[in-house]
Amino acid sequence: MQVTMTVNGTEVSRDIEPRTLLVHFLRDTLGLTGTHWGCDTSNCGVCVVWVDERPVKSCTMLAAMAGGKSVRTVEGLERDGELDPVQRGFMECHGLQCGYCTPGMMMTARWLLDHNPDPTEGEIREAISGQICRCTGYSTIVRSIRWAATHENSSSIESPETAGSPS
Amino acid sequence: MTATPETAADPRDRRQTEFEDNDQKPIGFGRMLRKEDPRLIRGRGRFVDDVQLPGMLHLAILRAPVAHARIISVDTSAAEAHPKVRLVVTGAMLQEKGLAWMPTLSNDVQSVLATDKVRFQGQEVAFVVAEDRYSARDALELIDVEYEELTPVVDARRALDPSMPVIRDDLEGKTDNHIFDWETGDAAATEAAFAKADVVVTEDIVYPRVHPAPMETHAAVADFDRVEEKLTLWSTSQAPHAHRTLYAIVAGLPEHKIRVIAPDIGGGFGGKVPIYPGYVCAIVGSILLGVPVKWAEDRAENLTSGSFARDYIMRGEIAATKDGKILAIRTNVLADHGAFNGQAAPTKYPVGFFGVFTGSYDIEAAYAKVTAVYTNKAPGGVAYACSFRITEAVHLVERLVTSLALEMGIDQAEIRLRNFIRPEQFPYETKTGWVYDSGNYEETMRESMRIAGYEELLAEREEKRARGELMGIGVSFFTEAVGAGPRRKMDILGLGMADGCELRIHPTGKAVVRLSVKTQGQGHETTFAQIVSEEIGIPPADIEVVHGDTDNTPFGLGTYGSRSTPVSGAAAALVARKVRDKAQIIASGMLEVSVDDLEWEKGSFHVKGDPSASVTIQDIAMRAHGAGDLPDGLEGGLEAQICYNPENLTYPNGAYICVVDVDKGTGEVKVRRFIAVDDCGTRINPMIIEGQIHGGLVDGIGMALMEIIEFDEWGNCLGGSFMDYLIPTALECPDWETGFTVTPSPHHPIGAKGVGESATVGSPPAIVNAVVDALYPLGIRNVDMPMTPSRVWDAIQGHPRPPI
């Protein structure tokens, strides 16, 4: 079947099997491998993307169900070559280790800050409670999201190129 | 960069000082953002399942639906007729090629695909290669396997009953389910110490079967080039070099024609040390078809068929004088290794490093006996961030010490302080023969108590108890043995546990360092750049770290058992010193002085007494490759390679304090605070160290409160999805409180000890001790993990039950 959707601002149209999961459509068909596949049961959240401005678990949604909708993935977080504050926050506060859950965590974090610009620690924990990180113990993820909240509009951004330098 | 407001304002946390230190220290050790993050936060990491090659096909594995059965027949005709299927392979077909069995990490054998019997639910029976991943799965449904079901052996306690069927009838002459008996220590001396003791406490402690469950499951892409006769294998491997050698031995491919690439790995925790049948299937598929073949398991396959850990049923005894001086510790263990002995440990250590069960205490005698058995469960015994069974050992001793404290009415911290090995006793040889390198246990314990506000906590608990509330404080103190070898003692399947490192300085003074170890999230690209930077004075940003590719890195045994920094980190420091020695000779020529007249100051040599006469490492690098003469007898270039064989293990340690509140009405345990003070010797990147500790603490919460792989009486795995195998989310975890002491390892070139598994080892007993402490007024002496609300509630009602 033919499915058409907007992915990170670009319209795409592909011929797919009707049963194709959104996560596999993004990864295998479009090559957007930043979104990961983790559990099949909607428990882990490494597959979280936005569909029409809401975070969803793309392993539990057919690509066909996203037809005509707007999908945003981790590859669409960066705008005009500039990192989203959430991405910077995760680097600054060591909010990632293996990086496998990170794209999903960041998509949820971006949504949270869009709807609650100054979340408490408890609100952040609640927001990411449908997602699993096996590496960080979550404290640094909470700090990362708080960092993003406090740097939301700052323009003097440390450029990503210097991220590998000692600070 | 400055500290975030949250961290800077937190007086309990000493990270703040490290931020400030690091601002003045752009080269070498200190807090530094990770070099791997820019790609990972953009979704541009490259994990195995991200690899897409032209013409690549997809492989899926048919797995046994029952735990124990004889295979009567396998009919693949319908699957073969599927229009998108290109290959169907059964165990019988592999047997013809001599590939049906492969060695495990403990010199046992394991089926790649079952031939005679299936021995656990989820075991590999056949595989299909098809044009896409969905069609491969469809075709599995078309394979018809006829089984004759056999009685499964599920309860390890009954595995040795003569009435039980023999699981491993493939092993010649095997008439029971016994794997090995192992003992350590001095039974007679221990008995004598128990005989004179004033107090003896006995506990039955079960460390249930758990699973590493990394967020990325196991996967492989095999690409066999028929013209070059070369196999390239992308795989989720923590030990690419060891895997390459094993593939050469198992598959008969020449080793120089195998390239193993471990790209970004989505967590390992020990689970990605073994070779899984799926990797071998992918290789076979690619060789037979001549095109790339991808295998990526799903979560159910991951949880049911691979990499279990623990499963130790322990009886522990501790003997002490009336003053609370510990005399001896004794234990008897029944170890469930599943259907194939997949224990990941050095050859001469069938129980891993369980021998450190004497803990951090100066005692008179100790003895342990471990009996290992086969059961109809997936192969067990891989490390889950446990430093080769140290998790079990530490849990045993730390539960016993707290039981003794509670029994004697002595405070949990106090009894540890009375019995610690003292700083002046190091190097300290334990009663089971382990030589601890260094430690200042009292200082570490007191730092933890300071951060916790220990006295105030005790007072708060008394107030709450008086009101009938169940608050508990748990203490644990662990000593780990990490960084295996030395190679004279330690090998995996005959491969000595040492690690190579190669460093090249390019003409412009930039560098590339090549490692034999492989990060799965630990941040090697950052830490190892910092180690080299510290030694050679080149900024970490100018040092590229190459790892996870056997064609481009020196041989070594890989990353597990917290061995990267203790072994490979030492190699990185020493190879940099070797390069620096050559740089010094070149500098002497450039400055026209003798080598002995030069002084090294991070990044440059200068003439003693004349700092203005100096050359930087970058100047030297250009000279090494440039025009003009070098000192007599010196070759051009600035590079070196070494293979580091550690002299001893390193012994990181730490003091953990956990505060819990238990809901009397529901049995729910809430971990309110967790204080972890670690001593991992010299600290390379405090941010990464803290991350490693945090990650281990969440493992501890998981194992203590939620995680267990259970089986029903037929051997059905009851933990086959994340709906059944529960992993902590952000809601179950407190905001961790960390601190540190620094007692460098005397034999490690930079004094570092390794930290990757410390918190996984140390935290579970602290949590259990806290819950037992909370419930002690109710007469409860032990609660086994996982301390789920129902199990805790049962204990409160007076019916405690072990998980298995």
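Author: Two residues are in contact if their C-beta atoms, placed from the backbone, lie within 7 Å. This is a predicted model, in which local features need pLDDT of at least 70, side-chain atom pairs count only at pLDDT 80 or more, and totals for chains, interfaces and linings use all residues. Residues are numbered from 1 along each chain as its sequence is written, and chains are lettered from A and ligands numbered from 1 in the order in which they are written.

Reader: How many residues does the contact take from chain B and from chain A?

Author: Chain B contributes 55 residues and chain A 54 residues. Helices are DSSP runs of H or I with at least four residues, strands are E runs of at least two, and both are numbered from the N terminus. On the side of chain B that touches chain A, helices H1 (5-8), H3 (37-40) and H18 (686-705) of chain B each supply at least two residues; H18(B) gives the most, with six residues.

Reader: Is A:Gly45 buried or exposed?

Author: A residue is buried if 20 or more other C-beta atoms lie within 10 Å of its own, exposed if 12 or fewer, and partly exposed in between. A:Gly45 counts as buried because it has 26 C-beta neighbours inside 10 Å. A:Gly45 sits in the loop between helix H1 (22-29) and strand S3 (48-51) of chain A. Beyond its neighbours within four places in sequence, its contacts include A:Lys57, A:Cys101 and A:Gln131.

Reader: What is the mean pLDDT of chain B?

Author: pLDDT is the predictor's confidence in each residue, from 0 to 100. For chain B the mean is 95, and 97% of its residues reach 70 or more. Over residues 1-25 of chain B, however, the pLDDT is below 50.
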